[in-house]
Amino acid sequence: MLTARALLPTVLLLGLTLPVHAQSGDVFRVGYSASGDHLAPLNVTLNASVPAGYRVQWDFGDGQTASAEQVTHTYYRPGTYQIQATLLNAQGRAVSRAEIPMQVRGSGSERADLTVLHAADGTVRLSGLGSVTYRPGPVRVLLNGREVSGPQRLNPGQNAAAAQAVTSSGQTVQRTLTLSAAPMTTSVPFDSEVLRLTNQARAQGWNCDTRRPGGPALPPLKGNTTLDVAAEAQSAGMALYGYFDHTSTLDGSSPMRRVQAAGMTPSSVAENIAAGQQTPREVVDAWLRSPGHCRNIMGDFTLIGLSYVQRPGSKFKSYWTQVFARQ
């Protein structure tokens with residue numbers, strides 16, 4: 001079985017250039033980057049290019065201010081905000097001003113959510129990613145009643161995982177999941193061979209329409225350990241919980257959410273999964289002959305994570321995942 005998924009870029013960029021009237025030819029440039037969905041809580045990175053001897057003052061439109069050429073600000077509540085960047089000269093006098101409207105959309109009702117990254121060695125990483133609270137504050141994650149961070153070893157059989165968050169009204173909300181543990185194995189040589197065959201196809205300019213080499217060659221993808229964590233979470237999750245889908249039936253996580261929970265915030269992500277194939281050659285050949293999977297392999301990505309997991313007694317026994325990303 002095969003399936004592929006590609007996700008649109010998650011970063012939106014905007015730039016604005018204004019003249020500085022104090023000196024001919026000087027300009028004041030401002031811009032920002034933020035997730036394309038603009039959902040709260042929204043992290044916005046603002047940057048300004050200012051002439052020598054000048055400085056910039058930011059007003060975020062929510063009562064908060066800052067003074068630096070690059071700043072990151074979080075909008076916790078939905079609403080429309082007017083960001084104002086003021087260019088000040090050495091005497092502190094405003095000489096130019098730029099405004100950026102910022103629409104922050106609601107993410108629905110406040111809730112706690114849990115993202116689970118299983119590993120084949122019986123450990124797990126838990127994240128509160130997916131939680132929605134319209135106030136600053138951490139999301140606590142617990143395993144078997146104990147607050148945890150980083151990789152944790154699961155007990156044999158079933159384990160209780162939870163995420164707890166405090167809403168803007170002060171109410172504590174929680175999501176709980178039951179996690180399973182079972183023997184699984186991985187193969188570094190298999191993962192390395194999948195990477196080699198994938199980059200071989202890119203170097204040969206594999207044509208996804210004709211299903212043969214001959215198109216423009218593409219640079220090789222570089223293996224990335226953070227993406228490996230997300231890929232292994234998907235392969236192990238499918239092996240443990242008996243699903244075959246890009247959306248986890250355990251926690252509802254998407255490929256992008258798993259990548260973010262592993263520790264990366266890329267501009268775009270795609271994922272190929274397969275089950276039942278016995279060798280790297282078999283699975284890569286199958287992906288290359290499937291249009292959606294092939295487009296991911298030949299896509300505009302720079303990084304890749306890989307995971308082969310085998311679980312005896314499971315439906316397909318062997319599970320394969322490729323996670324592609326571009327930062």
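Lys-317 is partly exposed, with a relative accessible area of 46%; here buried means under 20% relative accessible area, exposed over 50%, and partly exposed in between (1.4 Å probe, protein chains only). The residue belongs to the loop between strand S20 (303-310) and strand S21 (318-326), where helices (H or I, at least four residues) and strands (E, at least two) are DSSP runs numbered from the N terminus. Although Lys-317 is not a glycine, its phi is positive, at about 70°. The model is a predicted one, in which local features need pLDDT of at least 70 and side-chain atom pairs count only at pLDDT 80 or more, while totals for chains, interfaces and linings use all residues. Residues are numbered from 1 along each chain as its sequence is written, and side-chain values use heavy atoms, with hydrogens and water left out.

Further backbone features were found in other loops. Most residues other than glycine have a negative phi, and most peptide bonds are trans. Asn-144, in the loop between strand S12 (140-143) and strand S13 (146-147), has a positive phi near 55°. With a relative accessibility of 37%, Asn-144 is partly exposed. In the loop between strand S3 (27-35) and strand S4 (42-49) lies Pro-41, which is joined to Ala-40 by a cis peptide bond with omega of about -5°.

The side chain of Asn-144 is joined to that of Asn-159 by a polar contact of 3.0 Å. A polar contact is a pair of N or O atoms within 3.5 Å; within protein, one must be able to donate a hydrogen and the other to accept it, and residues adjacent in sequence count only if both atoms are side-chain atoms. Asn-159 is part of strand S15 (residues 157-166) and is buried, its relative accessible area being 2%. When residues up to four places away in sequence are not counted, Asn-159 touches Leu-143, Asn-144, Leu-154, Leu-177, Thr-178 and Leu-179, contact meaning heavy atoms within 4.5 Å.

Four strands form an open sheet in the order S6-S5-S8-S9, with antiparallel pairing. Its edge strands, S6 (65-66) and S9 (94-104), each pair on one side only. Two strands are taken to pair if DSSP finds at least two bridges between them. Strand S5 (residues 55-59) pairs with S6 in the antiparallel sense over two bridges, and Trp-58 stands opposite Ala-66 in S6.

Helix H3 (residues 255-262) is mostly covered, with seven of its eight residues buried. These are Pro-255, Met-256, Arg-257, Arg-258, Val-259, Ala-261 and Ala-262. In helix H4 (residues 280-288), Asp-285 is partly exposed at 28% relative accessibility.

Grid points are joined across faces, edges and corners, and a volume is the space filled by probe spheres set on the points. The structure holds two cavities of 30 Å³ or more. The largest cavity has a volume of about 60 Å³, and its lining includes Val-116, His-118, Tyr-241 and Arg-258. Strand S10 (115-118) and helix H2 (225-241) are the elements that give two or more residues to this lining, and H2 provides the largest share, three residues. The lining divides into five nonpolar, four polar and two charged residues; Ala, Val, Leu, Ile, Met, Phe, Trp, Tyr, Cys and Pro count as nonpolar, Asp, Glu, Lys and Arg as charged, and the others, Gly among them, as polar.

The second largest cavity has a volume of about 30 Å³. Among its lining residues are His-118, Leu-154 and Leu-240, and by class the lining has six nonpolar, four polar and no charged residues. The second largest pocket has a volume of about 170 Å³, with His-118, Asp-121 and Glu-232 among the residues that line it. S10, strand S11 (123-127) and H2 each supply at least two residues of that lining, which comprises five nonpolar, two polar and four charged residues.

Technical notes: 1 Å grid on protein atoms, 1.4 Å probe; cavity = no way out; pocket = protein on both sides within 12 Å on 5 of 7 lines; lining within 4 Å.
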